[in-house]
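Hello,

Here is the structure I promised to pass on. Please have a look at it first; my notes follow below.

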Amino acid sequence: MNKKAIFLDVDGTLVANHREMSEKVKEGIKKARENGHKVFICTGRNKAGIKNELNAVEFDGIIASAGSYVEINNKVVHSAYFDNSLVNKITSIFDKFNIYYNYECTTMTFTTDKMVQLFVGGINFEIGNSEFERLKAQQHDKFNIKDINTYTNQGVHKICFISLNQEKLDNALKQLKDDVNIVIHEMFDETTINGELISKTDNKATGIQYAIDYLNIDIKDTIAFGDSMNDYEMIDFVNHGVVMANGNAKLKEIASSICKSVDEDGVYDGFVNLGII
């Protein structure tokens, strides 16, 4: 078998519900690299948000911030940001419609406690609850979160948001649809909608293109694993797209194959099925 370049989404693929990567999946990645394959993280998270995964096992590179940041063998080969004028426009519109948001930069994320509270526990968490405080501190450490009031025009790769009102969100997004690509994720609960604004020109597929061009890898030797609709371009682009059993139904329609769920160490299962390990 030709040596492959393998691109792995994080949430819902490598890890479930922001937990740690399983020992079996780490073993699979190590074995794949020992067998001469190159393995990359390809995620919507920024680089700050994947430090636990990077500490857990060695990768050949990362594609982060939904393709807006590409790093191969510790060298940055692509990095793109929203124009400051666009960041200001989004901020103004989201403030007007009472939508919570953050700025995802390369090595830090600027946000508010309210955004973290909603992200961690939904609308039912009580301020001051000890469990919330623990989880909030954990999120601040995991994603290198800074207070949004300390933001001083660092480059922004992506903006995530949470809204408690569908009508207000729809009105806001109508004003932004020509500027950014909009991804809506599954709701935390019936009253909370979360999503992200990403570049019109960068996505996981373009990130993979930067990586394989830099390493002179043929597209026919590419494999990707994903689970959600922000993986669509990636799964559609590579030669063999693997979708997790827990993945989105529409994504499965374009998959080359389906592996076990993230809770069943699906990445390891997929590696075995494809003869990677």
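**What I found**

E104 has T109 as its bridge partner in β7. That pair belongs to β6 (residues 100-104) and β7 (residues 109-111), which run antiparallel and are joined by two bridges. Please keep in mind that this is a predicted model.

Now the sheet around them. Six strands make up an open sheet, in the order β8-β7-β6-β9-β11-β10. The pairing is mixed. β8 (145-147) and β10 (181-184) each have a single partner strand, so they stand at the edges and one side of each has no neighbour in the sheet. On average, neighbouring strands here are turned by 25° against each other, direction ignored.

A helix packs on this sheet: α3, residues 84-96. Helix α3 touches β6, β9 (158-163) and β11 (193-198). The direction of α3 makes about 160° with that of β6.

Next, a hairpin. Strands β4 (residues 69-72) and β5 (residues 75-79) run antiparallel, with four bridges between them. Y69 is paired with S79 of β5. Two residues lie between the strands of this hairpin, and N73 takes a positive phi near 50°.

Finally, the whole chain. The protein chain has 10 helices and 14 strands. It has 277 residues, and 50% of them count as buried. Among contacts with a separation of 6 or more, 62% are between residues 24 or more positions apart. The accessible surface comes to about 12,800 Å², and carbon and sulfur atoms account for 44% of that.

Best wishes

Technical notes
Residues numbered from 1 in each chain as written. Predicted model: local features only at pLDDT ≥ 70, side-chain atom pairs only at ≥ 80, totals over all residues. Heavy atoms only, no water. Pairing = 2+ DSSP bridges. Axes fitted to C-alpha atoms, helices over the stretch in contact; angles between N-to-C directions. Contact = heavy atoms within 4.5 Å. Buried < 20%, exposed > 50% of the residue type's maximum accessible area, 1.4 Å probe, protein only. Areas by Shrake-Rupley, 256 points an atom, 1.4 Å probe, with all protein chains shown as cover.
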